[in-house]
Amino acid sequence: MSQASESVRLSPTVGYQRQADIAVLWLDNPPVNGLGDSTRAGIHAGLKLAVEDQGVVGIVIAGTGKVFCGGADIRQFNTPAATARPQLRDIQQWMEASPKPVVAAIHGVALGGGLELALGCHYRVVAHDARLGLPEVNIGLVPGGGGTQRLPRLVGVERALDMIQHGTPVTGKGAVQIGLADAVTEGAGATRDAGEVVALAVEFCRRAAARSSAHPLVAAHEVQGSSIDFEARLAAVSRKSRNASAQRACVLCLKAATQLPFSEGLAFERARFDELVAGAESQSLRHIFFAEREAPKFSDGKGQTLRTIDRVAVLGAGTMGVGITMAFVNAGIPVTLVEREQAALDRGMALIRRNYDVTASKGKLTSAQIEERIARIAPSLEFDALADADLVIEAVFEDMAVKRDIFERLDKVCKPSAILATNTSRLDVDVIAASTRRPGDVIGLHFFSPANVMKLLEVVRGKATGLDVIATCLTMAQRIQKVPVLVGVCEGFVGNRMLTPYWREAGFLLEEGASPQQVDRALTEFGMAMGPLTMADLAGMDINWATRKRLASTRPAHLRYSSVADRICEMGRFGQKTSGGYYRYEPGSRTPVPDPLIDDLIADCAREAGITRRAVSDEEIVERCMLALINEGAHILEEGIAQRASDIDVVYVHGYGFPAWRGGPMFYAETLGLDKVLARIRALRDAHGAHWEPAPLLERLVSGGARTFDRKD
Ligand code: NAI
């Protein structure tokens, strides 16, 4: 490095450094060296300088910090900065026209535009553990910088299609094997910075310059013929997938690569990108992408000292306890699993093993890995086994008396720094906390079933919960691969609370004339993973029945109430677990079968309520169920139960099967137009009564001319 000069700035985010006769362009735009307008301008200036500089024989492009380049600056999409010149394609043209070799030195990641930048270089030198890929499809896009035309020219159409349609990256080592990279570092350990790969790239570049003045252009490669049946690949894209339009566009771009000259292929790709980037699917997926990253932040949590979580204890080895235990041991965190009786503990451990066996049968785990994970679990019947846990998660029956008793005992047994969490889905965390002498250490961690699979974690902040406890749990959640959302205490928190009006409307629509299968079909056609009534059958109708009975005395007498759900429960039908609910189920089957008995029951309820049944349209079903979610979401936001509207979207997308390509209920409301949403809610109030009183926040936002929930106008 003695011959390395100081780096000089070519733009706020790109530096230029001479390493003897090689110019190194350093991307320096934290956190991921995104290709925003200033970075593109800097690279462009650097290329020009290096080409003109007589003392330079070759050019290396590298990234400062942990990565080469994470791609386009997606915050700039649909803004003037995104279309400012030079574009990535201008830079690629410059590189391809350069008489001096241009080498990408890739460590960390080269994703999206980052890989497209590298594909425009003559050569790619990679760190063995770098990740290279084109994941644009995950945010509803095709690669827009020539990726769909250049990648197949290097690695073949089939491999490129797999990488692009599914957004799957390859490692540095893999990249060399498939012809995507020209040289790889040898290292065995984790690469921390660009040092090693840049040294290799500089040497590589110098040799290339000495060898020849003609350097290979990816664009000039032939596309090898392929046997892919593109029509079949198009037809196989599930209409239900979150990014169906983008996936189809990826297939079409690869097809174009096999049929069109390079420049026409680029134009085809660009046209697909422009369509998608302005479309609702990609806007929604980008919204959720940012919403997930925003959700773990909370304003008063900055600077908190996090507590150490090295050992977790889970109380109760039922449905939830088992899933929660697996989520922790999967992340390498040991768990003490405590039950009150041997049979339940054995059942829980057997279920864990069965779940792992299913994963292993799909080839996703080896038996050694399973044993390693199970060995991290210490099953116990002793309450005292909780004493050394840093975090205890209670997942016993949903009964306040039982939970209060448990927390009183936890208070006595657990060490002073322990966090005491409850997985309650609806009970008051403050009341639970009050049964201890340390309510500041008590928090709700509301996992979703199956807890080892579902991404969402509602982190329920009680009145007294310590800021360090909240900050620790939000960080811990990410360690176990969850998407945490901070919520306040209220009946049902965010997700389940919104289900109440959603199910209410579903019940009313049944009485007014829809069948269970029509309600469910209309909402799955809209994009919900499951209809509300199938979901009620899956979750177990008895739980909500108990809640309704608990809250019956607080229900205003003047408001309409559908007794359909109660009447089904009174028949002993609680859903799948009793082989009957809104639907019936053949023994051992999870397939809902329409049941004439329920149709009669619904007709009886309607008659008793004096409702004349009519034909209900699918549009009305979707509108009423969605507006019910949105209006309740607005109440939740106004009460501060959720920090931001986008958090509510994260809850619904990750916990309730809301289609990500619609962005979540609150974002969906914004796409409908908040003024139109309010007008429809008012119309429903006039037609159906006070259940539909618009949330005051919505009224205020609309009268202030706001178009979004989160911007505080
Ligand atoms: P479950 O009935 O499957 O399991 C509860 C387990 O706790 C049983 O194995 C029982 O033996 C054990 N248990 C009871 N008292 C105990 C004690 N004193 N010490 C140790 N173990 C004890 O219940 P599930 O479904 O797992 O629910 C647990 C909690 O999670 C409840 O608060 C529930 O509301 C909540 N929850 C449930 C969800 C679900 O989908 N099932 C979703 C989210 C939260």
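Reply: Happy to! Keep in mind that this is a predicted model. The structure holds one cavity of 30 Å³ or more, and the volume of the largest cavity is about 30 Å³. Its lining is made up of P516, Q517, Y582, Y583, P594, D595, I598 and D599. Two elements, α20 (516-526) and α24 (596-608), each give two or more residues to that lining. Sorted by class, the lining of the largest cavity has five nonpolar residues, one polar residue and two charged ones.

Now for the ligand. The shell around the ligand counts 21 residues, and M320, E339, E398, K403 and S425 come nearest. By class, this shell has nine nonpolar, eight polar and four charged residues. At least two shell residues come from each of α13 (319-330), α16 (400-413) and β16 (442-447).

For S425, a polar side-chain atom is 2.7 Å from a ligand oxygen, while for N423 a polar side-chain atom is 2.9 Å from one. T319 takes part through its backbone, with a polar atom there 3.0 Å from an oxygen of the ligand. Taken alone, the ligand exposes 840 Å², and the protein buries 79% of that.

As for annotation, an unreviewed UniProt entry lists residues 312-488 as "domain: 3-hydroxyacyl-CoA dehydrogenase NAD binding". Over that stretch the chain is 41% helix and 21% strand, with 24 Å between the end C-alpha atoms.

Key
Residues are numbered from 1 along each chain as its sequence is written. This is a predicted model: local features need pLDDT of at least 70, side-chain atom pairs count only at pLDDT 80 or more; totals for chains, interfaces and linings use all residues. Side-chain values use heavy atoms; hydrogens and water are left out. UniProt positions are given in the numbering used here, feature names are shortened, and annotations may be inferred rather than shown by experiment. Helices (H or I, at least four residues) and strands (E, at least two) are DSSP runs, numbered from the N terminus. A residue is near a molecule or strand if one of its heavy atoms lies within 4 Å of it. A polar contact is a pair of N or O atoms within 3.5 Å; within protein, one must be able to donate a hydrogen and the other to accept it, and residues adjacent in sequence count only if both atoms are side-chain atoms. Accessible areas come from the Shrake-Rupley method with a 1.4 Å probe; for residues, only the protein chains shown count as cover. Ala, Val, Leu, Ile, Met, Phe, Trp, Tyr, Cys and Pro count as nonpolar, Asp, Glu, Lys and Arg as charged, and the others, Gly among them, as polar. On a 1 Å grid over the protein atoms alone, a cavity is a set of points where a 1.4 Å probe fits but cannot get out, and a pocket is an open set with protein on both sides within 12 Å along at least five of seven lines; lining residues have an atom within 4 Å of a point. Grid points are joined across faces, edges and corners, and a volume is the space filled by probe spheres set on the points.
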